[in-house]
Amino acid sequence: MKEESKKGLSYETSFRIKVLFLVFVVGVVVLFAVIYPILSHNPNPFDVAAPKGQIVLAQNFTMGSINYTNAVPITSQNNLLVLKGNDNMGDGLTISVTSPGWCLDLWVWGGSNNGWQLKYNCSNEIQMSQYAFRRVPTHEAKEILYWYLEPGYVLVLHKTEPVQNYELVNLTVTYGGITGEGSLKVAIKKS
């Protein structure tokens, strides 16, 4: 009688399969570890791009019927407030002044018949639409967007008491649950 042959893999073949399987698993894990952060990385999360500590000269000016002394106008011309972000996380955003004594007025252009209208008067926190900002892509990569205030809006940063020279003013902007921080130093023109 013939001897029955064993059906099965040889030790060498079994070892090769185990090694190849291990190399495959390690390769998939390494590939996932390298590619996942690249694919899931948000290159431009929401934040305050400006102001970031720059010195701003306070001004005396009139808006509507209010005379401001040593105030800082934030307009579409001076771009003191610049946001960044490429995600659409809803309509509204909140701007808060966190420095004691400082507050914000929001003026909105109501057309030639109504002129400038005061929407917020000396508030520590104001709500604005994301559409009050125009989003401009950078020239290098279209997915990086900076937000600039539209011409029909003016924010006035002012203090209810005398302003100290080079006084630090902190503010935050919250959009879609993400808060960005900004600050500026208010300089007073010597007379």
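T94 is buried because its relative accessibility is 14%, where buried denotes under 20% relative accessible area, exposed over 50% and partly exposed the range in between (1.4 Å probe, protein chains only). The model is predicted, so that local features require pLDDT of at least 70 and side-chain atom pairs count only at pLDDT 80 or more, whereas totals for chains, interfaces and linings use all residues. Residues are numbered from 1 along each chain as its sequence is written, and side-chain values use heavy atoms, with hydrogens and water left out.

T94 belongs to strand β6 (residues 92–97); helices (H or I, at least four residues) and strands (E, at least two) are DSSP runs numbered from the N terminus. The side chain of T94 forms a polar contact of 3.0 Å with that of Q127. Such a contact is a pair of N or O atoms within 3.5 Å; within protein, one must be able to donate a hydrogen and the other to accept it, and residues adjacent in sequence count only if both atoms are side-chain atoms. Beyond its neighbours within four places in sequence, T94 is in contact (heavy atoms within 4.5 Å) with E125, I126, Q127, T172, V173 and T174.

Of the contacts between residues at least 6 apart in sequence, 66% link residues at least 24 apart.

The largest nonpolar core contains 32 residues, among which L81 and M128 touch the most other members. A nonpolar core is a set of buried Ala, Val, Leu, Ile, Met, Phe, Trp, Tyr and Cys residues joined through side-chain atoms within 4.5 Å. Elements contributing two or more residues to this core include β4 (66–74), β6, β9 (125–129) and β13 (167–175). Residues up to four places away in sequence being excluded, L81 touches V48, A50, P51, I74, I95, F133, W147, L149, L155, L171 and V173. A second, separate core has seven residues, including F61, M63, A71 and V154. In soluble globular proteins, nonpolar side chains tend to be buried together.

On the surface, L22, V26, V30, L31, V34 and I35 form a nonpolar patch with about 530 Å² of accessible area together; L31 lies in helix α1 (residues 11–40). Accessible areas come from the Shrake-Rupley method with a 1.4 Å probe, and for residues only the protein chains shown count as cover. Patches are made of residues with over 30% relative accessible area and no salt bridge, like charges being joined within 9 Å and nonpolar side chains (Val, Leu, Ile, Met, Phe, Trp, Tyr) within 5 Å.

Two salt bridges are found in the whole structure, each defined by a side-chain nitrogen of Lys or Arg within 4 Å of a carboxyl oxygen of Asp or Glu. K159 pairs with E161 at 3.9 Å (N to O) and with E167, where the closest N and O atoms are 2.5 Å apart. Through these shared partners, K159, E161 and E167 are joined into one network. K159 is buried at 14% relative accessible area, as is E167 at 15%, whereas E161 is partly exposed at 46%.

Several backbone features were also identified. The peptide bond from A50 to P51 is cis, with omega near 10°; P51 is located in the loop between β1 (47–50) and β2 (52–57). N79, in the loop between β4 and β5 (82–84), has a positive phi of about 50° although it is not a glycine.
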